[in-house]
Amino acid sequence: MADVAPPPTQPLLDTIANASSMVVDDQPTPALEEEKACETLYIQNLNEKIKPEVLKASLRGLFKSYGEVLDVVAHNNLRMRGQAFVSFASPEVARKAMKEVQRFPLYSKPMQISFARTRSDAVVKRLDGTNFDGHKAARDENKKKTRYTNPVKSKFRAKRLAAEIDGAAALPAVKRPNVQMPDEYLPPNKILFLQNLPESVTKEQLLGLFSQYPNLYEVRLIPTKRDIAFVEYMDEGSAGVAKDALHNFKLDGENKIKITYARK
(Lines give C-alpha, C1' and ligand atoms only; values in the text may rest on other atoms or scores of the structure.)
Protein backbone atom coordinates (compact mmCIF):
# COMPACT_ATOMS: atom_id res chain seq x y z
CA MET A 1 0.00 0.00 0.00
CA ALA A 2 1.16 3.52 -0.73
CA ASP A 3 2.48 5.55 2.18
CA VAL A 4 -0.37 7.28 3.94
CA ALA A 5 0.06 11.01 4.17
CA PRO A 6 -0.26 12.15 7.81
CA PRO A 7 -3.37 13.89 9.12
CA PRO A 8 -2.70 17.57 9.92
CA THR A 9 -2.04 18.44 13.56
CA GLN A 10 -3.99 21.69 13.74
CA PRO A 11 -7.18 21.83 15.87
CA LEU A 12 -10.41 20.77 14.31
CA LEU A 13 -12.11 23.85 12.83
CA ASP A 14 -14.50 22.51 10.23
CA THR A 15 -18.00 21.27 10.99
CA ILE A 16 -19.65 18.31 9.32
CA ALA A 17 -21.77 19.12 6.29
CA ASN A 18 -25.37 17.93 6.14
CA ALA A 19 -25.87 14.49 4.62
CA SER A 20 -26.80 14.53 0.96
CA SER A 21 -29.51 12.29 -0.47
CA MET A 22 -28.73 13.08 -4.09
CA VAL A 23 -28.29 10.25 -6.60
CA VAL A 24 -24.77 9.72 -7.95
CA ASP A 25 -24.64 8.24 -11.41
CA ASP A 26 -21.50 6.17 -11.19
CA GLN A 27 -21.58 4.90 -7.62
CA PRO A 28 -23.95 3.77 -4.84
CA THR A 29 -25.86 6.72 -3.38
CA PRO A 30 -25.99 7.74 0.30
CA ALA A 31 -28.65 6.46 2.63
CA LEU A 32 -30.63 8.17 5.35
CA GLU A 33 -29.68 7.05 8.85
CA GLU A 34 -32.81 4.97 9.33
CA GLU A 35 -32.32 3.01 6.14
CA LYS A 36 -30.96 -0.52 6.12
CA ALA A 37 -27.23 -1.00 6.56
CA CYS A 38 -25.20 -2.30 3.65
CA GLU A 39 -21.59 -3.27 2.99
CA THR A 40 -20.59 0.10 1.50
CA LEU A 41 -20.02 3.36 3.37
CA TYR A 42 -20.57 6.73 1.74
CA ILE A 43 -18.13 9.36 3.03
CA GLN A 44 -18.54 13.12 2.66
CA ASN A 45 -16.72 16.28 3.76
CA LEU A 46 -13.32 14.99 2.63
CA ASN A 47 -10.52 17.43 1.89
CA GLU A 48 -10.88 18.31 -1.80
CA LYS A 49 -7.24 19.36 -2.09
CA ILE A 50 -5.95 15.82 -1.57
CA LYS A 51 -5.26 13.83 -4.74
CA PRO A 52 -7.65 10.87 -5.24
CA GLU A 53 -4.90 8.23 -5.16
CA VAL A 54 -3.49 9.60 -1.89
CA LEU A 55 -6.99 9.88 -0.45
CA LYS A 56 -7.86 6.29 -1.39
CA ALA A 57 -4.64 4.99 0.17
CA SER A 58 -5.35 6.95 3.35
CA LEU A 59 -8.93 5.64 3.60
CA ARG A 60 -7.83 2.06 2.95
CA GLY A 61 -5.17 2.33 5.64
CA LEU A 62 -7.64 3.85 8.09
CA PHE A 63 -10.41 1.27 7.55
CA LYS A 64 -8.44 -1.96 7.02
CA SER A 65 -8.21 -2.58 10.77
CA TYR A 66 -11.98 -3.26 10.83
CA GLY A 67 -11.93 -5.98 8.17
CA GLU A 68 -11.07 -6.64 4.54
CA VAL A 69 -11.60 -3.56 2.40
CA LEU A 70 -12.98 -4.76 -0.95
CA ASP A 71 -12.78 -1.42 -2.72
CA VAL A 72 -12.26 2.31 -2.22
CA VAL A 73 -13.69 4.67 -4.83
CA ALA A 74 -12.85 8.39 -5.09
CA HIS A 75 -12.89 10.65 -8.14
CA ASN A 76 -11.47 14.06 -8.96
CA ASN A 77 -14.36 15.27 -11.11
CA LEU A 78 -16.38 18.28 -9.96
CA ARG A 79 -19.45 16.30 -8.82
CA MET A 80 -17.51 13.76 -6.74
CA ARG A 81 -14.92 15.95 -5.03
CA GLY A 82 -14.88 15.55 -1.28
CA GLN A 83 -16.70 12.21 -1.47
CA ALA A 84 -15.68 8.54 -1.45
CA PHE A 85 -17.07 5.01 -1.08
CA VAL A 86 -15.48 2.28 1.06
CA SER A 87 -16.76 -1.31 0.64
CA PHE A 88 -16.45 -4.19 3.12
CA ALA A 89 -17.47 -7.85 2.97
CA SER A 90 -20.39 -7.47 5.41
CA PRO A 91 -22.81 -4.83 6.74
CA GLU A 92 -21.73 -5.63 10.31
CA VAL A 93 -18.14 -4.65 9.60
CA ALA A 94 -19.29 -1.51 7.80
CA ARG A 95 -21.52 -0.55 10.73
CA LYS A 96 -18.68 -0.94 13.27
CA ALA A 97 -16.29 1.04 11.09
CA MET A 98 -18.82 3.84 10.62
CA LYS A 99 -19.52 4.05 14.35
CA GLU A 100 -15.87 4.26 15.38
CA VAL A 101 -14.50 6.43 12.56
CA GLN A 102 -17.43 8.87 12.30
CA ARG A 103 -16.13 12.47 12.45
CA PHE A 104 -12.46 11.40 12.44
CA PRO A 105 -10.55 14.50 11.17
CA LEU A 106 -8.84 13.17 8.06
CA TYR A 107 -6.61 15.90 6.60
CA SER A 108 -8.17 18.44 9.04
CA LYS A 109 -11.79 17.80 7.95
CA PRO A 110 -14.15 15.60 10.03
CA MET A 111 -15.58 12.81 7.91
CA GLN A 112 -19.35 12.44 7.63
CA ILE A 113 -20.21 8.77 7.08
CA SER A 114 -23.48 7.05 6.15
CA PHE A 115 -24.51 3.82 4.43
CA ALA A 116 -24.71 3.75 0.65
CA ARG A 117 -28.17 3.00 -0.77
CA THR A 118 -27.02 0.18 -3.00
CA ARG A 119 -24.24 -2.38 -3.12
CA SER A 120 -21.07 -1.45 -4.94
CA ASP A 121 -19.78 -3.40 -7.93
CA ALA A 122 -16.97 -4.90 -5.79
CA VAL A 123 -19.45 -6.19 -3.20
CA VAL A 124 -21.77 -7.73 -5.79
CA LYS A 125 -18.84 -9.44 -7.53
CA ARG A 126 -17.67 -10.94 -4.23
CA LEU A 127 -21.00 -11.89 -2.63
CA ASP A 128 -23.43 -12.29 -5.52
CA GLY A 129 -21.33 -12.82 -8.62
CA THR A 130 -24.04 -14.66 -10.60
CA ASN A 131 -26.20 -11.53 -10.54
CA PHE A 132 -23.45 -9.05 -11.38
CA ASP A 133 -24.52 -8.57 -15.01
CA GLY A 134 -28.08 -7.77 -13.90
CA HIS A 135 -26.78 -5.40 -11.23
CA LYS A 136 -24.60 -3.55 -13.76
CA ALA A 137 -27.41 -3.36 -16.32
CA ALA A 138 -29.78 -1.88 -13.73
CA ARG A 139 -27.17 0.68 -12.69
CA ASP A 140 -26.50 1.69 -16.30
CA GLU A 141 -30.25 2.06 -16.91
CA ASN A 142 -30.60 4.26 -13.84
CA LYS A 143 -27.69 6.36 -15.04
CA LYS A 144 -29.45 6.98 -18.36
CA LYS A 145 -32.71 7.91 -16.64
CA THR A 146 -31.08 10.39 -14.29
CA ARG A 147 -28.72 11.92 -16.84
CA TYR A 148 -30.85 15.06 -17.10
CA THR A 149 -32.65 14.91 -13.75
CA ASN A 150 -29.70 14.37 -11.41
CA PRO A 151 -29.82 17.40 -9.03
CA VAL A 152 -26.04 17.71 -8.86
CA LYS A 153 -25.73 17.86 -12.65
CA SER A 154 -28.70 20.21 -12.91
CA LYS A 155 -27.13 22.60 -10.42
CA PHE A 156 -23.83 22.53 -12.29
CA ARG A 157 -25.54 23.18 -15.65
CA ALA A 158 -27.48 26.09 -14.17
CA LYS A 159 -24.30 27.70 -12.86
CA ARG A 160 -22.56 27.24 -16.21
CA LEU A 161 -25.49 28.74 -18.09
CA ALA A 162 -25.56 31.72 -15.73
CA ALA A 163 -21.84 32.26 -16.30
CA GLU A 164 -22.34 32.22 -20.07
CA ILE A 165 -25.17 34.72 -19.83
CA ASP A 166 -23.08 37.03 -17.69
CA GLY A 167 -20.27 36.81 -20.20
CA ALA A 168 -18.01 34.88 -17.86
CA ALA A 169 -16.03 31.80 -18.80
CA ALA A 170 -18.25 28.72 -19.13
CA LEU A 171 -15.67 26.44 -17.59
CA PRO A 172 -13.21 27.02 -14.77
CA ALA A 173 -9.64 27.85 -15.73
CA VAL A 174 -7.27 24.93 -16.01
CA LYS A 175 -5.05 24.73 -12.96
CA ARG A 176 -1.60 23.22 -12.76
CA PRO A 177 -1.67 19.79 -11.11
CA ASN A 178 -0.84 19.89 -7.41
CA VAL A 179 2.05 17.42 -7.30
CA GLN A 180 2.51 16.09 -3.79
CA MET A 181 6.14 15.97 -2.66
CA PRO A 182 7.30 12.60 -1.23
CA ASP A 183 7.75 12.56 2.54
CA GLU A 184 11.51 12.07 2.24
CA TYR A 185 11.93 15.45 0.50
CA LEU A 186 9.76 17.64 2.71
CA PRO A 187 11.50 20.78 4.05
CA PRO A 188 12.79 20.68 7.65
CA ASN A 189 10.49 21.80 10.46
CA LYS A 190 10.13 21.14 14.19
CA ILE A 191 7.56 18.30 13.87
CA LEU A 192 8.60 14.74 12.98
CA PHE A 193 6.30 12.14 11.42
CA LEU A 194 6.90 8.55 12.55
CA GLN A 195 5.77 5.53 10.51
CA ASN A 196 6.09 1.75 10.79
CA LEU A 197 5.77 1.79 14.58
CA PRO A 198 4.92 -1.45 16.42
CA GLU A 199 1.18 -1.74 17.09
CA SER A 200 1.94 -2.10 20.80
CA VAL A 201 3.95 1.11 21.09
CA THR A 202 3.08 3.44 23.98
CA LYS A 203 3.47 7.17 24.46
CA GLU A 204 5.84 6.51 27.37
CA GLN A 205 8.16 4.46 25.12
CA LEU A 206 8.35 7.24 22.54
CA LEU A 207 8.88 9.89 25.23
CA GLY A 208 11.75 7.85 26.64
CA LEU A 209 13.31 7.42 23.20
CA PHE A 210 13.01 11.00 21.93
CA SER A 211 13.69 12.77 25.24
CA GLN A 212 17.33 11.70 24.83
CA TYR A 213 17.60 14.70 22.53
CA PRO A 214 17.12 18.26 23.86
CA ASN A 215 14.07 20.50 23.53
CA LEU A 216 11.40 17.79 23.18
CA TYR A 217 7.95 19.45 23.34
CA GLU A 218 5.30 16.78 22.74
CA VAL A 219 4.58 13.23 21.49
CA ARG A 220 1.21 12.57 19.85
CA LEU A 221 -0.21 9.14 19.01
CA ILE A 222 -3.12 8.55 16.60
CA PRO A 223 -5.82 6.44 18.37
CA THR A 224 -7.12 4.79 15.20
CA LYS A 225 -3.71 4.37 13.54
CA ARG A 226 -1.31 2.85 16.01
CA ASP A 227 1.64 2.55 13.62
CA ILE A 228 2.13 6.30 13.17
CA ALA A 229 2.83 9.21 15.53
CA PHE A 230 4.05 12.81 15.66
CA VAL A 231 6.96 14.11 17.73
CA GLU A 232 7.36 17.87 18.16
CA TYR A 233 10.45 19.74 19.34
CA MET A 234 10.86 23.34 20.41
CA ASP A 235 12.88 24.18 17.31
CA GLU A 236 13.75 22.85 13.87
CA GLY A 237 17.39 22.14 14.70
CA SER A 238 16.55 19.85 17.63
CA ALA A 239 14.04 17.96 15.47
CA GLY A 240 16.71 17.42 12.82
CA VAL A 241 19.17 15.99 15.34
CA ALA A 242 16.60 13.48 16.62
CA LYS A 243 15.53 12.57 13.09
CA ASP A 244 19.05 11.83 11.92
CA ALA A 245 19.83 9.81 15.06
CA LEU A 246 16.68 7.66 15.22
CA HIS A 247 15.65 7.12 11.58
CA ASN A 248 15.56 3.32 10.98
CA PHE A 249 15.87 2.65 14.72
CA LYS A 250 14.41 -0.77 15.65
CA LEU A 251 12.11 0.01 18.56
CA ASP A 252 10.94 -3.60 18.89
CA GLY A 253 14.17 -5.15 17.65
CA GLU A 254 12.60 -6.01 14.27
CA ASN A 255 10.88 -3.21 12.38
CA LYS A 256 12.74 -0.03 11.48
CA ILE A 257 11.00 3.26 12.33
CA LYS A 258 10.67 5.60 9.34
CA ILE A 259 11.08 9.23 10.37
CA THR A 260 10.43 12.20 8.09
CA TYR A 261 9.46 15.81 8.65
CA ALA A 262 5.70 16.30 9.01
CA ARG A 263 3.75 17.63 6.08
CA LYS A 264 2.36 21.14 6.67
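This is a predicted model: local features need pLDDT of at least 70, side-chain atom pairs count only at pLDDT 80 or more; totals for chains, interfaces and linings use all residues.
Reader: Where is confidence lowest and where is it highest in the protein chain?

Author: pLDDT is the predictor's confidence in each residue, from 0 to 100. The protein chain averages 79, and 73% of the residues score at least 70. Helices (H or I, at least four residues) and strands (E, at least two) are DSSP runs, numbered from the N terminus. The lowest confidence is in helix 5 (residues 151–165), with a mean of 67, and the highest is in strand 3 (residues 84–88), at 95. Residues 1–26 stay under 50 in pLDDT, and the model has 74 contacts for them beyond four places in sequence; a contact means heavy atoms within 4.5 Å. Residues 29–34 are also below 50, with 20 contacts beyond near neighbours in sequence.

Reader: In what order do the 4 strands of the open sheet stand?

Author: Strands of a sheet pair through backbone hydrogen bonds, either parallel or antiparallel. Here two strands pair if DSSP finds at least two bridges between them. The order is 8-9-7-10, and the pairing is antiparallel. Strand 8 (216–222) and strand 10 are at the edges with a single partner strand each, so one side of each has no neighbour in the sheet. From one strand to the next the twist averages 20°.

Reader: Are the faces of strand 7 buried or exposed?

Author: In a regular strand the side chains alternate between the two faces of the sheet. Buried means under 20% relative accessible area, exposed over 50%, and partly exposed in between (1.4 Å probe, protein chains only). In strand 7, I191, F193 and Q195 on one side and L192 and L194 on the other are all buried.

Reader: What is phi of N45 and of N215?

Author: Most residues other than glycine have a negative phi. Phi of N45 is near 65°, and phi of N215 is near 70°. N45 is in the loop between strand 1 (40–44) and helix 1 (52–63) and is buried, at 13% relative accessibility. N215 is in the loop between helix 6 (203–210) and strand 8 and is partly exposed, at 38%.

Reader: Why is the pair of F63 and F88 edge-to-face?

Author: A pair of aromatic rings is described by the distance of the centres and the angle of the planes. Rings of Phe, Tyr and Trp (its six-membered ring) pair if their centres lie within 6.5 Å; planes under 30 degrees apart count as stacked, over 60 as edge-to-face and the rest as tilted. The count is 3 aromatic pairs. The rings of F63 and F88 have centres 6.0 Å apart and planes at 70°, so that pair is edge-to-face. F63 in helix 1 and F88 in strand 3 are 25 residues apart. F63 is buried at 0% relative accessibility, and F88 is buried at 0%.

Note on methods: Residues are numbered from 1 along each chain as its sequence is written. Side-chain values use heavy atoms; hydrogens and water are left out. Axes are lines fitted to C-alpha atoms, for helices over the stretch in contact, and angles run from 0 to 180 degrees between N-to-C directions.
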